[in-house]
Amino acid sequence: MDPLLLAAEWWWLAPTAAAAGTVGWIGLRRRSTMSGRRLEVDAARHDLRMAQAALVERRAALKVARADHARVVAERAARRASPDQVASSRRMLRDVERDTKACAADVKAKQARLHAARAAVPAASAPRPLDRLRSTHDAVVARWMVYETDPARQIAYPEMTDVKQPATVAYLRASERASELRRGLGDRPTPAEYAAYRDAVAALASAFEVAEHAARVKAGEVPAAPAWQDAAQDAIARSTEAIERAAASAASALTNWASRGRRGDPPRSDR
């Protein structure tokens, strides 16, 4: 048979095979998503989008802060602004600069988490991310219950169950938060719901470690943290607060983005 006639007769095989492969890949990805295997990936992608929106917001605020500072400096040169106003403007500019750097670092951290989540998608027979997260939650609670139910430990570490201790109060609040989010998850949580619960469980585990360490310090088993460690913890806390402020502003940025999309403006892709 003439090769040209053969090609004309069977030309449809290649695009059909390609379409079938694409549909099959989409079907596999959809089944993976519906089964919850990619929930960690979807949550990491959600976190990255939020962090990117927050960074855009803070960069815009940084431009405004720089312009305001330049205006105040110019007014000071013209003797229309006081030195206190210049100093206040400079402090505000530095605060916004720190927030912007924290947001940029948060974006990099979220990108790394997304890459790690993609590389760690569980196999079909492995526990799902939500199941693993619930197990982690249960393990932390079980460690806490030992101090609640063991009389010997209650005598040795009374601070672990003393609600007057700040570390104990912090743990109880973190536990209440994690349990509340867990009750509202359901079997198929959204990426945002899963991310909130994941962060709550991480905060719970951290709060338990802090409370346990404080109790062991009171019992004389371990030395108290040196002053440099306290300073480092303070620096970490300040960075965390900056990131939390940036994350809070991300909601308004996403709302504005969605509003532009509803008005017919084409949304910009993340970079």
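**Close-ups of a helical model**

**View 1. Where α5 meets α7.** In this predicted model, α5 and α7 pack with their axes 12 Å apart, at an angle of about 145°. α5 passes α7 in a left-handed crossing. On the α5 side, look for R134, H137, D138, V140, V141 and W144; they meet T168, Y171, L172, A178, S179 and R182 of α7. Sort the residues of this α5–α7 contact by class and you get 6 nonpolar, 3 polar and 3 charged.

**View 2. α5 again, now with α8.** Here the axes of α5 and α8 sit 10 Å apart, and the angle is about 25°. Angles under 35 degrees count as roughly parallel, so α5 and α8 are roughly parallel to each other. The crossing in which α5 passes α8 is left-handed. α5 brings P129, L130, L133, R134, T136, H137, V140, R143, W144 and Y147 to the contact, while α8 answers with Y194, Y197, R198, V201, L204, A205, F208, E209 and E212. By class, that makes 12 nonpolar, 2 polar and 5 charged residues for α5 with α8.

**View 3. The largest nonpolar core.** This core has 25 residues. Which of them have the most contacts inside it? They are L130, M160, Y171, Y194, Y197, L204 and F208. Four helices each supply at least two residues of the core: α3 (39-77), α5 (129-149), α7 (166-183) and α8 (191-218). Which helix gives the most to this core? That's α8, with 10 residues. Apart from this core lies another one, of 10 residues, and L48, A51, A54 and L114 are among them.

**View 4. Zooming in on M160.** M160 is one of the residues with the most contacts inside the largest nonpolar core. What does M160 touch, leaving out residues up to four places away in sequence? The list runs W144, Y147, T168, F208, A211, E212 and A215.

**View 5. The α3 and α4 pair.** α3 and helix α4 (residues 83-119) pack with their axes 8 Å apart, at an angle of about 160°. Since angles over 145 count as roughly antiparallel, α3 and α4 are therefore roughly antiparallel to each other. Their crossing is left-handed. Charged residues show up here too: the contact of α3 with α4 divides into 20 nonpolar, 6 polar and 15 charged residues.

**View 6. A120, in a loop.** Find A120 in the loop between α4 and α5. Is A120 buried, exposed or partly exposed? Its relative accessible area is 47%, so A120 is partly exposed.

**View 7. Zooming back out.** The protein has 9 helices and 0 strands, and reading along the sequence gives α-α-α-α-α-α-α-α-α. Of its 271 residues, 28% count as buried. If you take the contacts with a separation of 6 or more, 75% of them come from residues 24 or more positions apart.

How values were computed. Residues are numbered from 1 along each chain as its sequence is written. This is a predicted model: local features need pLDDT of at least 70, side-chain atom pairs count only at pLDDT 80 or more; totals for chains, interfaces and linings use all residues. Side-chain values use heavy atoms; hydrogens and water are left out. A nonpolar core is a set of buried Ala, Val, Leu, Ile, Met, Phe, Trp, Tyr and Cys residues joined through side-chain atoms within 4.5 Å. Buried means under 20% relative accessible area, exposed over 50%, partly exposed in between (1.4 Å probe, protein chains only). Contact means heavy atoms within 4.5 Å. Axes are lines fitted to C-alpha atoms, for helices over the stretch in contact, and angles run from 0 to 180 degrees between N-to-C directions. Angles under 35 degrees count as roughly parallel, over 145 as roughly antiparallel, 65 to 115 as roughly perpendicular and the rest as oblique. A crossing is left-handed if the near helix is turned anticlockwise from the far one by less than a right angle, and right-handed if clockwise. Ala, Val, Leu, Ile, Met, Phe, Trp, Tyr, Cys and Pro count as nonpolar, Asp, Glu, Lys and Arg as charged, and the others, Gly among them, as polar.
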